Structures are given as C-alpha cells and as structure tokens.
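Subject: Structure handover and notes

Hi there,

Here is the structure I promised to pass on. Please open it alongside this message, and my notes on what turned up follow below.

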Amino acid sequence: MTDPADPAPGRTPSPGCPAHAGAVRLSGLEYQQTPAQLYRAMRREHGAVAPVLLDGDIPAWLVLGYAEVGYVTSHDDLFARDSRRWNQWSDIPDDWPLMPFVGYQPSVMFTEGAEHQRRAGVITDALEAVDQFELAHTCGEIAEGLIGRFAGSGRTELIADYAHALPLRAAIHLCGVAADSTDADALVRDLRITLDTAPDEDQVAAYQRLAERVGRLIEDKRERPGPDVTSRMLAHPAGLTDEEVRADLIAILSAVQQQTSNWISNGLRLLLTDDRFALDVSGGRLSVGQALNEVLWLDTPLQNFTGRWAVRDTQLGGKRIREGDCLILGLAAANTDPLIWPEGHVGTENSAHLSFGNGEHRCPYPAPLLADVIARTAIETLLERLPDLELSVEPHELIWRTSIWSRGLLALPVRFTPAPR
Ligand code: HEM
C-alpha cells in the first residue's frame, strides 16, 4: 500500500512556482521502460498539458494532447523555436545533460520565420533530388555487407550490428562521403559517439571532430561537387554560407541516424514479438510496411521533442503559460491520446500520427520518405537473408534505452540458421 505521505512516483513538491504544483519529474528508469503508463497517469492528473521537471528540476510543460500538440506546432507566432527565448537559462549550468537538445545552435532547427523558410527550403530541395531507387539499392548493399559479417555465426545482436550501423552508413552516403574513403569510418565512429551516451567515450571531443570532418567535406564538395545532398545545398540559389550548411548537415546526419535507427529497431521488435506478424512476414501476413507504420503510432522513435518556447503569456490546455516557458512536444502521448481513440484501441491504418512533427518545423517533406526507404530496405533485406530469424531472449527481457526523448532498444539478441556470407 502507498504511504499517503509519500508523493506518487515521479511526483515532486512544487519547485516554488504555483503553476508547477505536482510537477512530474521526467527521469527514472521505470518510466523509460513503460512511458505509456506515465502519460496516462499525467493526463488523468493534469489534462492535456502537464507541468514537468527536467534534469536539475528545471520546469517545463509536457504537451500530451493530440489537438494541443497540433495547436502549438501550427502557431509559430505564439510558440517559437529559438531556445534563447527560454526564461530558465539563468538556472541552467553549462554541463546540463539536456544541453545537446536545447542549447542554441545555428542550424535550421532553431531558426524562425523567413530565415527558417530559407534554410528549410534548401534542405527540402536537396533531399527531394535524392533518387529513392538508388538509395534503396545502396541500402541493400550496406545491409548485405553488414549481414555478411554475422550471417555465418547463427546469432547476433541486431541493434549495434545492424539497426544503428545501417542508417549511419546511409546518412554519410546521402551527404556524399564515399563508403570506401578513410573519412567514412571516422565519420561513422564520431557520429555514433556524438549521438550515443556511452559513459566511457568523450562526446564533446567526438562532436568537435565531427564538425571538423563535415567542414572538410564542405570544402571538398565546393571544389568537386557531386550528385549528393551536400553539393546540392552548396549550389542552392539561397546562397547558404559554409557555416550554415555545416550546421544543417549535422542536423540531417543526426536525424537520419538517430530516428531511423530507432525506427528499424522498434519495427524489428514488433515483427519478432507479435503474432500478427510472426515469422510469416516474408510469407505475406501483415507486412513490414504495416509494422513500421504501427511503430510510428505506438513506439515512435522520437517520443518527446524539445521543443517550442512561448513568445508571450498565453493559455494552453487550461494552463497559464508564461512568456519564455519551454513546451515539450509529447509526440508519443499525443499519438495515443484517448480523445482521438475513444474506443481505447489505437488504430494504425492511417498516417495521421504526429511522429514527424507538424507545421513549419515538421520533419522536411522528403525526409520521412527517405527514412522509410532506409528502414524498409534494412528490415526486408534482413528477413530475406535470414528467414528463420528469432529472438534469443524472452520478449519481456528486452530493455529500452534510458531516455525520455528517444525510444529504442538497448539490445536485440537474435538467432537464426547460419547462412553463407
Ligand atoms: C523515423 C525517422 C524520423 C523521424 C521520426 C523524424 C522526426 C522528426 C521530428 C519530430 C522533427 C521535429 C518536428 C518539429 O519541430 O515540429 C524532425 C525535424 C527534422 N528532421 Fe526528421 N525525422 C526522421 C527522419 C529524418 C530524416 C531521414 C531526415 C533527413 C534526411 C530528417 C531531417 C530532419 C530535419 C532537417 C529536421 C528539422 C526541421 C526544421 O526544424 O525545420 N529527419 N524530424
């Protein structure tokens, strides 16, 4: 029985602001394993917009409602993207763990208004010119190469050996780094360290090396342009500076890598653990495409996204939002909002989820299509090559990464009949 003197799990006394009474601390392993329960409890207690505390008890708002996330993302005049608007900066130390997500960078992600349109337009045009058949072909080759490394052994761990490795290589290919160049491996390594939080690796140093390598890639493409995203961004009539291209290329590389890896990982988990997909995927029950779509509704790679900052005092979901308050987009919670699924069952037939964001700053139009090509090719190639692939642990033994932001597995151990390399 719960001691009534104890705050409910995750609930904390107010940090002083009456608007944040009963705020929920967004950390703790139990939530990271079952965030859907957390969102349900928060919604019951606070409604569509909940007061939360980020690391170090920094207050913010988590927007849980589908309609409210839609409203915030389509009203840039009220909820803007430049994190320098935040009214909490004086309380945030330089080494704050969430700095990589909210610290201002001169990339498309933090721009607003006409400047955002200029930057996002360049990315859209550069991505739109990607030949999706060629990308699928390249991803198939990358997949074959990776599978060849473990096919003969009859077992592997799919997150490190496959789900993370493949989009990394696809991302640098898109940006014009030749797979056999010496820079390719170094870029892959530094990007992985930058985006992963392995305790024994120096993320700051890896990020600096990554930024230098991307800088050299830009110099190289200015001299020798090719049929790649980097060259197209440099040649774009909007006339981006090298610094702007560098910041946006890093944003693109990170997005391809982080979100697409988790999409593959969560799709594979669903395919390997749910009877509706069973092992008949290659034999034609529910398809890989249906599994990937279901994941976007129920286990979206980017659960919560930081965010938007209030331009002036306003109201949202019955809460008083102050100028400069931070709003976190609760994409996972919004996708499962009971107001859009009154029967309780989350339908997955359509693609009206918010997993790619919404409004001006949504994931730029061709990007979700490219992510789909990468994820689908990765999973289909794996299932074709290793058709009797199965988990080598019980489904309940699978552990999610300890992040309230992205949703992906720590490991996905599998076994299969050894196949020729
Ligand atoms: C499963 C894969 C992906 C997911 C779930 C995803 C999701 C998202 C989300 C939620 C946002 C923020 C939207 C907002 O602020 O309203 C975003 C922005 C962005 N994504 Fe993706 N993304 C994915 C793949 C990609 C890929 C493959 C690329 C590039 C090829 C990409 C490039 C970007 C960029 C550049 C932005 C910033 C847009 C801006 O601020 O204007 N994403 N993405």
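Two strands are said to pair if DSSP finds at least two bridges between them. Helices (H or I, at least four residues) and strands (E, at least two) are DSSP runs, numbered from the N terminus. Strand 5 is joined to strand 11 (residues 413-415) by three antiparallel bridges, and Arg155 sits opposite Arg415 of strand 11.

Before you go further, two points on the model. It is predicted, so local features need pLDDT of at least 70 and side-chain atom pairs count only at pLDDT 80 or more, while totals for chains, interfaces and linings use all residues. Residue numbers start from 1 along each chain as its sequence is written.

The overall picture

The protein has 15 helices and 11 strands. Its radius of gyration (taken over C-alpha atoms) is 22 Å, close to the 22 Å from the globule rule (2.2 Å times the number of residues to the power 0.38) for 421 residues, so the protein is as compact as a globular protein of that length. The C-alpha trace spans about 65 × 55 × 40 Å along its principal axes. Buried residues (20 or more other C-beta atoms within 10 Å of their own, with C-beta atoms placed from the backbone) make up 40% of the 421 residues. Taking contacts (C-beta atoms, placed from the backbone, within 7 Å) with a separation of 6 or more, 71% are between residues 24 or more positions apart.

A second open sheet has six strands in the order 1-2-3-9-6-4, with mixed pairing. Strand 1 (24-25) and strand 4 (79-80) are the edges, each pairing on one side only.

- Strands 2 and 3 are antiparallel, with six bridges, and Leu53 faces Pro59 of strand 3. Their hairpin has three residues between the strands, and Gly56 there takes a positive phi near 75°.
- Strand 3 runs parallel to strand 9, with three bridges; Trp61 is opposite Leu327 of strand 9. Five of the six residues of strand 3 are buried.
- Strand 6 (residues 304-310) and strand 9 (residues 326-330) run antiparallel and share five bridges, with Gly330 as the bridge partner of Asn304.

Two helices lie across this sheet. For the angles, axes are lines fitted to C-alpha atoms, for helices over the stretch in contact, and angles run from 0 to 180 degrees between N-to-C directions. Helix 3 (residues 66-73) lies across strands 2, 3, 4, 6 and 9, at about 125° to strand 9.

Around the ligand

Which residues come nearest to the ligand? Of the 29 around it (C-beta atom, placed from the backbone, within 6 Å), they are Ala255, Gln259, Gly357, Cys363 and Ala367. Helix 5 (113-128), helix 12 (242-273) and helix 15 (366-385) each supply at least two residues of this shell, and helix 12 gives the most, with seven. The shell divides into 20 nonpolar residues (Ala, Val, Leu, Ile, Met, Phe, Trp, Tyr, Cys and Pro), one charged (from Asp, Glu, Lys and Arg) and eight polar (the others, Gly among them).

Definitions and conventions. A residue is buried if 20 or more other C-beta atoms lie within 10 Å of its own, exposed if 12 or fewer, and partly exposed in between; C-beta atoms are placed from the backbone.
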